[in-house]
Amino acid sequence: MTSVIDEDSLPALVARARRAALTLKAVTHRQGRARHALYVALLEDRRRSPPWGFYVGETSRDPDLRFDQHKTGYKASRHVTRFGVRLLPDVVEHLNPLRRWEAKELEAALAEAFRDAGLPWVEGGH
């Protein structure tokens with residue numbers, strides 16, 4: 001019996017996001033004064049097909065705290081507030097921590113890499 005892998009399933013999309021993120025390298029990774037982090041939040045909107053999306057952000061705070069702030073509406077992306085499910089730390093662990101200037105640059109680059117990889121719904125990255 002052959003199993004069919006749905007390319008729009010959540011595990012397949014997360015794997016695609018991880019592969020796209022691995023194409024990026026950070027020069028300030030773990031350097032002194034590297035206190036910023038990139039984070040990726042999983043989004044779910046059941047009106048979409050597939051329902052899964054990704055939000056890319058950067059923060060000087062702990063990413064878990066920043067995600068909680070989004071969910072409560074503090075300096076929040078409406079996409080994360082409404083559709084945020086959880087963080088995907090494994091996707092960006094090879095990049096964090098970073099210096100601020102590089103976190104800003106890689107935030108945009110990561111969102112673009114996700115779009116180039118064909119992920120169906122990408123928010124953030126500005």
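The model is predicted.

**Stop one: the largest pocket**

Select His36, Glu58, Thr59, Ser60, Arg61, Arg66, Gln69, Tyr74, Lys75, Arg100 and Lys104. These residues line the largest pocket. Its volume is about 170 Å³. Now colour by element. Strand E2 (52-59), helix H2 (63-72) and helix H4 (100-116) each give two or more residues to this lining. Next, colour the lining by residue type. There are 6 charged residues, 4 polar and 1 nonpolar.

**Stop two: Tyr39 and Tyr55**

Move on to the aromatic rings. The model has 3 aromatic pairs. Select Tyr39 and Tyr55 for one of them. Trace the chain between the two residues. Tyr39 belongs to strand E1 (residues 37-44) and Tyr55 to strand E2, 16 residues apart. Show the surface: Tyr39 and Tyr55 are both buried.

**Stop three: Phe83 and Trp121**

Select Phe83 and Trp121. Their ring centres lie 5.5 Å apart with the planes at 75 degrees, so this pair is edge-to-face, the label for angles over 60. Phe83 sits in helix H3 (residues 78-83). Trp121 is in the loop between H4 and strand E4 (122-124). The pair joins distant parts of the chain, 38 residues apart. Phe83 and Trp121 are buried.

**Last stop: Arg48**

What lies over the face of Trp121? Arg48 does, at 3.9 Å from the ring centre.

Notes:
Residues numbered from 1 in each chain as written. Predicted model: local features only at pLDDT ≥ 70, side-chain atom pairs only at ≥ 80, totals over all residues. Heavy atoms only, no water. 1 Å grid on protein atoms, 1.4 Å probe; cavity = no way out; pocket = protein on both sides within 12 Å on 5 of 7 lines; lining within 4 Å. Points joined across faces, edges and corners; volume = space filled by probe spheres on them. Helix = DSSP H or I, 4+ residues; strand = E, 2+ residues; numbered from the N terminus. Nonpolar A, V, L, I, M, F, W, Y, C, P; charged D, E, K, R; others polar. Phe/Tyr/Trp six-rings, centres within 6.5 Å; stacked < 30°, edge-to-face > 60°. Buried < 20%, exposed > 50% of the residue type's maximum accessible area, 1.4 Å probe, protein only. Lys NZ or Arg CZ within 6 Å of the ring centre and 35° of its normal.
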